[in-house]
Amino acid sequence: MSATPQAPAKASFKFPFWAQIVAGLALGVLFGWIARSQDISWLGTTLEEVGDIFIQLLKLAIAPLVFFAILVSITNLRKVNNAARLATRTLLWFMITSLIAVGIGIGIGLLTDPGAGTGLTAADGKDPKRTGSWIDFLTGIVPTDIVTPFTELKVLQIVFLAVVAGIAALQLGAKAKPVLDLAESALELLQKALWWVIRLAPIGTIGLIGTAIATYGWDLIGKYATFTADVYIGCALVMFGVYPLLLATVAKVSPIQFFKGAWPAIQLAFVSRSSVGTMPVTQKVTERLGVPKEYASFAVPFGATTKMDGCAAIYPALAAIFIAQIFDVQLGIKEYLLIVFVSVIGSAATAGLTGATVMLTLTLSTLGLPLAGVGLLLAIDPILDMMRTATNVAGQALVPVIVSAREGILDKEAYASASGSPLDEPAPAAESVVVAA
């Protein structure tokens, strides 16, 4: 007997992830405004706690995620033809795009004089708790022990340990297979757990945006109006001007299609303010854009810890000009060249975490500007960091696409069909979160 035909299931309404984020942004602004305008302390406290818990959940996975992602990505390069060439081209394009970004930052700063007319003085500044110098940067790469980098979240040292372990594993060959199998399993486990956290981003958005509005309101933004506008305009010029131009002329692919595919990662980066926290989504969208998995698994984790066009190029350039004007220090050609040098070479100091204080203090110490100037920008930093991180992540997806296209390994059909969000797709239990489709 034939089976009785069943009525087709009704299509359920699906609230896409991007819309959840937008709703979170809107609710965050609304609740933050209510908490501030009505002086509702419990609402402000609740928003702050919600945002803090979301960021803390992201940070929990960062140390092991970075270690295993870098370790596995280096060993995966053995599966790729011309691995050394791909790695070299990736680094080269990281530097080229950083050079362009810092040039735009300096240009906007010189045109707009962001420190003029703010009413701020040198007395308003204060020394930051975290600082960076070239000595700290160079000596801080090598850890004194294996445990401290993970307990104190020293990402650059974790990257160093992972690179050493990855190279050693390549040298050992088959003997390292049990360790690599364990590393790959641990990475999949971490990505699965982080994927659950990422799905909480709409709730985290309410807390993070609500706290910013409740704490600072619009008055503070008004004081820093020119500087805030400069950072957002500079990042927008890089993300929606420079990147599309490179895609169209160098990679010879559609810029619009790139943003269709990469937008879920860019959007999440704007909310979470963490390149490393966004890394699983960035890798997923990069693969969906036709970049081979073996190469993407190297380029994206490496970029998440070192590729920072927003935090390490545009922002420190503008901030240095802003602080120099507040403290009445004249910058010359030598100082601007130093800004370029720090931005291109020292971007690893930002290490993919929320905030760019260490990179800024590294820039200021190189220029001889007062570190107290960092204190002038701490209050406005969360608002700036959203756009900075979105730009970082867009660049981290861009470079693998450019390199893959130039090397002839980009899947053009996958690129042309990439759209939607991987967060809207169910992840099969038997597959890694990063490769679920």
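The text below moves from the whole chain to single residues.

The model is predicted: local features need pLDDT of at least 70 and side-chain atom pairs count only at pLDDT 80 or more, while totals for chains, interfaces and linings use all residues. Residues are numbered from 1 along each chain as its sequence is written, and side-chain values use heavy atoms, with hydrogens and water left out.

**Overall fold**

The protein chain contains 18 helices and zero strands; helices (H or I, at least four residues) and strands (E, at least two) are DSSP runs, numbered from the N terminus. Of its 437 residues, 55% count as buried, meaning under 20% relative accessible area with a 1.4 Å probe, protein chains only. Among contacts between residues at least 6 apart in sequence, 85% join residues at least 24 apart, a contact being heavy atoms within 4.5 Å.

**Annotated spans**

The unreviewed UniProt entry places the feature "transmembrane region" at several spans, including residues 86-111 and 359-380. UniProt positions follow the numbering used here, and such annotations may be inferred rather than shown by experiment.

**Helices α10 and α11**

Helix α10 (residues 225-251) packs against helix α11 (residues 255-272) at an angle of about 145°, the axes being 11 Å apart. Axes are lines fitted to C-alpha atoms, for helices over the stretch in contact, and angles run from 0 to 180 degrees between N-to-C directions. Tyr232, Met239, Phe240, Pro244, Leu247 and Ala248 of α10 meet Pro255, Phe258, Phe259, Trp263, Ile266 and Phe270 of α11. By class, this contact has twelve nonpolar, no polar and no charged residues; Ala, Val, Leu, Ile, Met, Phe, Trp, Tyr, Cys and Pro count as nonpolar, Asp, Glu, Lys and Arg as charged, and the others, Gly among them, as polar.

**Two buried residues**

Val66 lies in helix α2 (residues 41-76) and is buried at 2% relative accessibility. Leaving aside residues up to four places away in sequence, Val66 touches Val155, Ile158, Val159, Val276 and Thr305. Val66 and Val159 are 93 residues apart along the chain, yet their C-alpha atoms are separated by 6.8 Å.

Ser297 belongs to helix α13 (residues 293-306) and is also buried, with a relative accessible area of 7%. The side chain of Ser297 reaches the backbone oxygen of Glu294 at 2.9 Å. Beyond residues up to four places away in sequence, Ser297 touches Ala69, Ser73, Asn76 and Gln283.

Conventions: Buried < 20%, exposed > 50% of the residue type's maximum accessible area, 1.4 Å probe, protein only. Polar contact = N/O pair within 3.5 Å; in protein donor to acceptor, adjacent residues only side chain to side chain.
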